[in-house]
There are 2 protein chains.
Amino acid sequence: MQKLQEFQGIFEKYLSENSFERPPGELYQPVDYILSLGGKRLRPVLVLTGCHLFHDEVTPALPAAMAIEVFHNFSLVHDDIMDAAPLRRGQPTVHTRFDTNTAILSGDVMLIYTYDYLCQLKDRQKIGQIISVFNKVAIKVCEGQQYDMNFEKQADVSIPDYLKMIELKTAVLIAGSLKIGAMIGGAGQEDAEHLWEFGRNIGIAFQLQDDYLDTFGDPEKFGKKIGGDIAQHKKTFLILKALEVATPEVRHKLQTYLALPESEEQLKIQKVTAILTALNLPQLIKEKRDAYRQEAYQHLSEVSIPEEAKQILYEMSEMLIQREV
Amino acid sequence: MQKLQEFQGIFEKYLSENSFERPPGELYQPVDYILSLGGKRLRPVLVLTGCHLFHDEVTPALPAAMAIEVFHNFSLVHDDIMDAAPLRRGQPTVHTRFDTNTAILSGDVMLIYTYDYLCQLKDRQKIGQIISVFNKVAIKVCEGQQYDMNFEKQADVSIPDYLKMIELKTAVLIAGSLKIGAMIGGAGQEDAEHLWEFGRNIGIAFQLQDDYLDTFGDPEKFGKKIGGDIAQHKKTFLILKALEVATPEVRHKLQTYLALPESEEQLKIQKVTAILTALNLPQLIKEKRDAYRQEAYQHLSEVSIPEEAKQILYEMSEMLIQREV
């Protein structure tokens, strides 16, 4: 994982050289704040990796890596308002630390700066093409967030609906990061498309693993409260699949426990987790996740570069799926 | 004004052919809603006009005109949340008609579609250049909104501060519309720059006229409540200039009336208006407005196209400043 750490270092350096310290401070301090909360820098590292697969240098991809990281953080700032989330990476969210109006407007300016960074790409010929790819991604991310909000009020969410939502909300940005990096590195259209499909499938696998860990993970390692999805009655793969495979009797029990009020959160998490375990969900979700991983690796195998160059993506995928990155 | 109406018609047709009717409806219906509230389509018409000054056809500029109109409406949707405004063009604002989360996310997707339309420009070579100009504009619009919000809490706003704020929040989008249209039409850099300066100065004149009409306008023609700025204790040019030219005694009276509570709105508007009138503010603001108009016309005179081709911009300026468009 030497390369991965190297890319993280290169990106962190670029980020620190690109501070948003400028007037008006009320607008830009929240931008530096959210960007400073860290995180794994997964998406910008994927941009650099995508470039590196086809090009010795990663420097040409740095503005795009920055664009993707700024966009990702914009989406966190606005999603946190919509979800009324108090904390992000253990720190107050922007609308909590500052206020909601600030979070709206600072998020807006971050979205504009995303395009400003994309316009800084040295290869002027490619800018239009890359922005077009990015637009498709960004639109899907918004649509994914809308479906996620819709599902809260919607009784009949199907498993394909759910998988489509996580594809839009999470996976396409991973796919797009890799594809845009590859385009900057000089990949041909077919290779870029296979990398998109690789990223899309790994992104879905990543989210399924997140769903798994939210209920069955080690609280020490996971970093979030275990059982949060159950407490919030989120319609994740675990719940939707359980409702599908359960007998009518068990399904009724599951629905009863899921409907328990907030005051009985502990009981709710405990009972629902027990049913999910009895229904073999830990195994079923792993199988689903592995099917997406396999599909991802199939696409990676089709990319026309030497196998040893792909090693970094295989390693990143495993770390990603284990959520160790 | 035949050309103006022709351009409005061309744009309305393009707009109606570019509906946002697509899933998820929860995300896109608000977009069609805000775009259908009408308005003068001033900015897209300026894009088409800018193009027409240098090119027979306006069709190549239509995607940019759409981009600018979508961006303008995005900014209205988000500003209305921040200002807690219940009405826009006499209709419920998006966050009132739908809800705040919807208004945030639909606004976001509108901002992304702005770039999607800019990427539809046929002349692929120019896309990067035009997006760079647009980014500068969009960033300034956000900064202007931030300064506007800051001024509400800030005791010592100066007249230059205020003029800078309206330049950022209002004038640069007018300047950018014209410049981007001109670039698409094939204008040279110098002409494009003069058109920018023309638009920037006319935009400030336009906002000063808006300030004037908000206090001294004909309620029938203005379309908004007269005295709204006074009621909200907005630090517009009228108030800031009055505080500057008043004797200490009158200044004290003015500040006392401005501090009156909401329950005494009628008295407040009446007393403040009387002081502004006595201080000759209607004349002073018109002089300031006309200085910007003169500066604008100076720049227009330097644009290297036949004088008769500029006629449409002179006419639009007058209508704009009279707020009849």
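**Notes on the A/B model**

1. A:E265 comes out as partly exposed, at a relative accessible area of 21% (buried means under 20%, exposed over 50%, partly exposed in between, with a 1.4 Å probe and protein chains only). Before going on: this is a predicted model, where local features need pLDDT of at least 70 and side-chain atom pairs count only at pLDDT 80 or more, while totals for chains, interfaces and linings use all residues. Residues are numbered from 1 along each chain as its sequence is written, chains are lettered from A and ligands numbered from 1 in the order written, and side-chain values use heavy atoms, leaving out hydrogens and water.

2. What does A:E265 pair with? Its side chain meets that of A:K225 in a salt bridge at 2.8 Å, N to O (a side-chain nitrogen of Lys or Arg within 4 Å of a carboxyl oxygen of Asp or Glu). A:E265 sits in helix α14 (residues 265–278) of chain A and A:K225 in the loop between α10 (219–222) and α11 (228–231), so the pair ties together parts 40 residues apart in sequence. Helices here are DSSP runs (H or I, at least four residues; strands are E, at least two), numbered from the N terminus. A:K225 is partly exposed as well, with 48% relative accessibility.

3. Over all chains, the whole structure has 34 salt bridges. One of them joins A:E244 and A:K241 at 3.2 Å, N to O; these two are 3 residues apart in helix α12 (residues 237–245) of chain A, so about one helical turn separates them. In chain B, B:E244 and B:K241 meet at 3.1 Å, N to O, again 3 residues apart in helix α12 (residues 237–245). B:E244 is partly exposed at 49%. Elsewhere, shared partners link A:K164, A:E167, A:E197 and A:R200 into one salt-bridge network.

4. On to the interface. About 3,400 Å² is buried between chain A and chain B, with carbon and sulfur atoms giving 68% of that (buried area is the accessible area, 1.4 Å probe, that two parts lose on being put together, summed over both). On the chain A side, A:L105, A:I112 and A:Q146 lose the most area to chain B, together 17% of what that side buries. The contact takes in 37 residues from chain A and 37 residues from chain B, contact meaning heavy atoms within 4.5 Å.

5. How many salt bridges are there between chain A and chain B? The count is 0. Polar contacts do turn up, in 8 residue pairs with both members at pLDDT 80 or more (N or O atoms within 3.5 Å; within protein, one must be able to donate a hydrogen and the other to accept it, and residues adjacent in sequence count only if both atoms are side-chain atoms). On the side of chain A that touches chain B, α2 (25–36), α4 (62–82), α6 (100–118) and α7 (127–153) each supply at least two residues. The biggest contributor to that side is α7(A), with 15 residues.

6. Inside, the largest nonpolar core has 237 residues, and A:F20 and B:F20 touch the most other members (a core is a set of buried Ala, Val, Leu, Ile, Met, Phe, Trp, Tyr and Cys residues joined through side-chain atoms within 4.5 Å). Leaving aside residues up to four places away in sequence, the contacts of B:F20 include B:Y28, B:M66 and B:Y117.
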